[in-house]
Amino acid sequence: MARAAKLVQHIPILMTRPKGSNQRFIDRIAPDLSKRLRVVSSPLIAIKPLGSPVRIDPEDAAVFTSGNGVLHAPRGEGRRAYCVGEKTTGRAQQAGWDAICAGFDAAALIDTLRQIAPSQPLHHFHGVHVRVDVVAELKKLGLDATATPVYDQVLQPFSEEALQTLSEKAPVLVPLFSPRTAEHFAELAPSTARAIIIAMSTAVADPCGRAGFGPVYVAQEPTAQSMVNCLEKWLTETRPG
């Protein structure tokens with residue numbers, strides 16, 4: 001009986017994305033695998049709009065590296081937008097932009113814009129904290145680009161449930177999507193936590209590796225779906241108990 005109980009136990013998965021994003025990630029996981037999970041939600045970043053007036057001329061174009069950039073930017077009204085990832089591109093299209101996917105990360109977007117060399121002014125709508133200074137790189141290419149922060153990413157503490165879960169002896173799956181969130185997690189988590197990290201990139205994995213958490217798995221591509229694939233592989237190959 002004890003062995004049977006172990007086989008049906010749920011594996012904790014700590015979701016740290018901003019409010020509203022965690023369930024969308026869980027919904028991507030195959031149902032036969034997600035039913036093995038116990039979701040613990042503890043957003044480590046809160047999105048706070050800056051609320052400052054933003055202007056973009058009718059002939060200008062936008063650059064979006066996140067869905068929150070789209071959410072807090074002006075409506076598109078048919079203007080062109082260059083986006084990172086299909087999800088952000090879809091959100092921009094819904095917001096009235098003539099949006100195209102220019103790559104799956106900032107480096108790919110910059111390379112696409114280097115090839116296209118758009119002549120109109122570009123406005124990068126982004127958060128206060130960025131890992132890649134997209135506008136600085138675009139200016140190096142001779143493009144007319146302006147950085148326009150439209151929201152802040154405010155660090156948050158762990159929820160009580162998250163702290164309790166990380167303090168237990170059982171392994172905890174922890175998908176992490178940004179280097180800043182990973183650094184914050186590494187600072188907050190108990191050193192005894194048995195965290196199994198699913199990282200979007202090596203830059204996300206590094207803070208957890210330095211802090212001694214692991215094992216650390218890195219998605220093949222910097223996308224949510226690639227992270228789901230990595231997580232599903234771990235779940236398929238691992239049996240509790």
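Tutor: The largest pocket has 47 lining residues, and those nearest its centre are Thr 65, Ser 66, Phe 177, Ser 178 and Met 200. A pocket here is an open set of points on a 1 Å grid over the protein atoms alone, where a 1.4 Å probe fits, with protein on both sides within 12 Å along at least five of seven lines; lining residues have an atom within 4 Å of a point. The model is predicted, so local features need pLDDT of at least 70 and side-chain atom pairs count only at pLDDT 80 or more, while totals for chains, interfaces and linings use all residues. Residues are numbered from 1 along each chain as its sequence is written, and side-chain values use heavy atoms, with hydrogens and water left out.

The volume of this pocket is about 1,600 Å³, a volume being the space filled by probe spheres set on the points, which are joined across faces, edges and corners. By class, its lining comprises 18 nonpolar, 18 polar and eleven charged residues. In this count Ala, Val, Leu, Ile, Met, Phe, Trp, Tyr, Cys and Pro are nonpolar, Asp, Glu, Lys and Arg are charged, and the others, Gly among them, are polar.

Helix 5, residues 86-94, gives the most to this lining, with four residues. Helices (H or I, at least four residues) and strands (E, at least two) are DSSP runs, numbered from the N terminus. Thr 89 lies in helix 5 and counts as buried because its relative accessibility is 7%; buried means under 20% relative accessible area, exposed over 50%, and partly exposed in between, with a 1.4 Å probe and protein chains only. Not counting residues up to four places away in sequence, Thr 89 touches Cys 83, Ala 99, Ile 100 and Cys 101, where contact means heavy atoms within 4.5 Å.

The account now turns to the interior. In soluble globular proteins, nonpolar side chains tend to be buried together. The largest nonpolar core of this model has 42 residues, and those with the most contacts inside it are Leu 14, Phe 25, Leu 173, Phe 185, Ile 197 and Phe 213. Helix 11 supplies the largest share of this core, seven residues. A nonpolar core is a set of buried Ala, Val, Leu, Ile, Met, Phe, Trp, Tyr and Cys residues joined through side-chain atoms within 4.5 Å. A second, separate core has 15 residues, including Val 84, Ala 102, Leu 109 and Ala 145.

Helix 11 (residues 224-237) has 14 residues, and its span from first C-alpha to last is 20 Å, close to the 20 Å expected at 1.5 Å a residue; the expected span is 1.5 Å times one less than the number of residues. Its buried residues are Ala 224, Ser 226, Met 227, Val 228, Cys 230, Leu 231, Glu 232, Trp 234 and Leu 235. Leu 173 touches Leu 231, Trp 234 and Leu 235, and its other contacts beyond four places in sequence include Ile 11, Pro 12, Ile 13, Leu 14, Leu 37 and Ile 196.

Leu 14 is also in contact with Ala 162, as are Val 40 and Ser 42, neighbours within four places in sequence being left aside. Ala 162 belongs to helix 8, residues 160-167, and is buried because its relative accessibility is 0%. The C-alpha atoms of Ala 162 and Thr 16 are separated by 9.6 Å, although these residues are 146 residues apart along the chain.

Several loops complete the description. Ile 56 is found between strand 3 (45-49) and strand 4 (61-64), and its relative accessible area of 9% makes it buried. Among its contacts beyond four places in sequence are Pro 74, Trp 97, His 123 and Phe 125.

Glu 77, in the loop between helix 4 (67-71) and strand 5 (80-83), has phi near 50°, a positive value in a residue other than glycine, and is exposed at 68% relative accessible area. Ala 117 likewise has a positive phi of about 50° although it is not a glycine. Ala 117 sits in the loop between helix 6 (106-116) and strand 7 (122-127) and is partly exposed, with a relative accessible area of 45%. Finally, the peptide bond from Gly 214 to Pro 215 is cis, with omega near 10°; Pro 215 lies in the loop between helix 10 (202-210) and strand 11 (216-218).
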